[in-house]
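Dear colleague,

Please find below the structure I promised to pass on. My notes on it follow, and I would be glad if you read them with the structure open beside you.

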Amino acid sequence: MSWFALPSSRRRGAAAAPAAVAPDVAWHALDAGAARAELDARLRDPADPAPATDRASGLSDAEAARRRSRVGRNVLPPPPRRHPLRRLLAQFANALIGFLLIAAAVAAVLGHAVDAAVIVGVVLVNAIVGFVQEGRAEQALGALGSLLAPAACVLRGGERRRVDAADLVPGDVVLIEAGDRVPADLRLLRARGLLIDEAILTGESVAAAKRERSVPAAAPLAERSSMAWSGTLVAAGQGRGLVVATGEATEMGRIGDLLRSIGTLRTPLLDQIDRFGRRFALIAALSSALLFAFAVFARGYEAVDALMLVVALAVGVIPESLPAVITITLAIGVRRMAARHAIVRRLPAVETLGATSVICTDKTGTLTRNEMTVRRLSTIEGDLFLDGVGYVPVGTLHRAEAPQTPVAAPDAARRLLEIAVLCNDARLGVRDAHWQVDGDPMEGALIAAAIKAGLEPAAEHARQPRLDAIPFDARHRTMATLHAAAGGAPWIAVKGAPEALLALSGRQLASDGGSGPLDRAYWDACIARAAAAGERVLGFAYRPAPDPASLPADAIADLVFVGIAGLVDPPRAEAAAAVAECASAGIAVKMITGDHAVTAAAIAHQLGLADAGEVLTGADLDRLDDAALRRQALRAGVFARTSPEHKLRVVRALQADGAVVAMTGDGVNDAPSLKQADVGIAMGRKGTEAARQAAQIVLTDDNFASIVAAVHEGRTVYDNIRKVIAWTLPTNGGEALAIVAAIAFGLALPMTAVQILWINLILTITLGLVLAFEPAEPGTMTRPPRAARAPLLSPFMLWRLVLVSVLFTAGVLGVHAWSIAHGLDAAAARTVVVNAVCVMEIGYLFNVRYLHGSSLTLHGARGTPAVLLAVAAVVLAQLAFTYAPWLQALFDTRPLGLRDGLVALCAGIVLMAILEIEKRVLRRLGVFESALRPTPARMAD
């Protein structure tokens, strides 16, 4: 919001003033003088008609103080924070948690302290985990403040001073040089070889060249070459700029406003658990009330006895372990992802990855290496190509028609690379076991290319030492150096934009080493080929030195053009395979970048995204309303020249159409869309702190392939959660249904209330947890993503709930009836039933471990170490339950003979056999696959 648009009541006094001034002017579209005059006109004191800012001396101290009192300090506002107590209480605002607390209270009142303690412990663990994670999430906005420069060099009253950056005001004249962080948004008054790394705002992998000249008012952010943005880093050169925006009014502050406007999204799992909890609580409450009334009025139970039985059943049927097991399952997924270079900051993000249907990814550093590489050398002798990637100086030259046949560099190519090495200020070397560049990335890539071709940069500099230089000038887009030739006359090496060098050249290097007339059409065709391949193009030229002692600016004329080099930020080798894996998993990949459309399209083609759809630019997005963007976002595969607002709109458009969106990014410009996405994924190595704090997942290797690995783990986690639910609900339901059936038909109770609680307790802490440790099933990444809003209980899960509950009921009543018929007393018969229930739950555990395949395999029978340990624990507990005298006295059990134990064992075997037959029949009918593979979210109109 513009300060000038505020009501007058909000402009009075420093306390009421906003933190920044945001004049509604396209400063980049004004020349330097007009920008200064426009700003002065807006900020000058009406009582003092004289211009307030002088280009040579800056503001006076009095004027700076007056402006600061009106507009506030150059700081970003602190993020709003919830009181810790409110954050803690919010963890209990969940239907299932509320129902568990009620059940714990009832269990405590009726004397079941163990169950009450278990339930309360589960609730507290979940609350503490959520509280800690949300506290970390609130650091997202605070991280932006760390990007503001702590100090700035300004002109005040004609003196050069170092001041706190927070004290800058619109109208200040700021001096910047290499290594500085830009302290506010500046309209450049002077730029001398000024290169600024704007990757955190634009995503550009190459530092942007700056100049004073105005640019069109509609120019996208990455092309506003007359502006220097707050928080960006000066890579080379010097500049002087007029502060035109501070604090919230800067581009950095505007991104903070976007972040504040985005609420915290809830994951599909959390929504499903809430819906499930509300419905389950309602059904459980009504069922308990009906059962109590039926037992008292229809079957003559005493009210207290009926209430104890109903409470025991309620506590038994409530899946109180579900929140804990889900948390544990997610935590295990977190551990597995960490081993695959993905650090999870918020547990629910693990599960959401499993539902991801669209991955919106940045290009630079994620799909590509973020290391410039010379790919092409074009001279009068034709095109040569270099292999190898990044800054590692290992590779060979070859012709396009024979890519497997290395060739030596022809004379023209060697001359081009000689110029590239000499007219170069970068240094290439090994640091921390990696080849890295000190200086401009493109210049580092030129050195690597020269070494590949057999040149020794140090030897070339020693043989032809530099005598003078003209640094890169954004106005002329050239750099020149003067060299003493070994045994010859001094000469000038020039590199820069090919169009600029061609305009300054009258001749070209010939194949015999001489020179000939310039063939402009030939070079235009070479430039067009390189540009069509998405390459950034540099031109190279030379001339004899008219003055052997110095290099005047007018000496850069009458050049001999040598050729061009095409550079790319190459795709990661593993990214193409990861994109293909996404395609097989039914996940659409969309590239969203601040880079040029042609460059983005070329990278997309190399990665196999060429068929993903059309390329849209930020200008195209500006012309689309939200409804049109929803249609276009589905078809487009590449979005280029995008701003933070564009990225945010694309993510929202995809979400509005039902997609579950994972968004990757590394810059401050990515932070709003990372927060908006269902899963925000930030880069850990080259990403900004703001991006990391806004994201739910951070990649330690900045690699797209790690995202796909994380999706694989997310699907495994969700599968395991479904297995937990598929095991927990039917087993709990079977126990309850058996008691209900006994009451309904007037039969003797097959288990007492305290025995039901024993089963609930012993199996919850053993079998109820082991499914969280299950590995991925085969074919995990060949299934389409599940529907984002699919119910937690799918049709197949409901079928299993009913079928297994009925089978458990039949097993319980059948075993109880067999025991009574064979002369066992009531206590012994109930002991057999409890053991049979435990064996049936073990058998069902082995069945449910493979939702997508048969469990009757050697691997399935062996189980995982966690499964075997849990089964062993249950067996030992049941032996104690059956034979330990103190447990016999507590639970009214009796020791059993071999025959009775075999009956209990057979119950479990029969149950597993029936369910395996059911699984095979459903698969043969085609019902099983469709039930287990929910249709993906709608991805087209």
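**What was found**

Of the 941 residues in the protein chain, 57% are buried (under 20% relative accessible area, with exposed meaning over 50% and partly exposed in between, for a 1.4 Å probe and protein chains only). Please keep in mind that this is a predicted model, in which local features need pLDDT of at least 70 and side-chain atom pairs count only at pLDDT 80 or more, while totals for chains, interfaces and linings use all residues. Residues are numbered from 1 along each chain as its sequence is written, and side-chain values use heavy atoms, with hydrogens and water left out.

The secondary structure comes to 36 helices and 28 strands, taken as DSSP runs (H or I of at least four residues for helices, E of at least two for strands) and numbered from the N terminus.

Arg 376 lies in strand E10, residues 373-379, and counts as buried because its relative accessibility is 7%. Arg 529, found in helix H19, residues 520-532, counts as partly exposed because its relative accessibility is 38%.

Leaving aside neighbours within four places in sequence, Arg 529 is in contact with Arg 376 and Asp 383, where contact means heavy atoms within 4.5 Å. The side chain of Asp 383 makes a polar contact with the side chain of Arg 376 at 3.3 Å and with that of Arg 529 at 3.1 Å; a polar contact is a pair of N or O atoms within 3.5 Å, one able to donate a hydrogen and the other to accept it within protein, and residues adjacent in sequence count only if both atoms are side-chain atoms.
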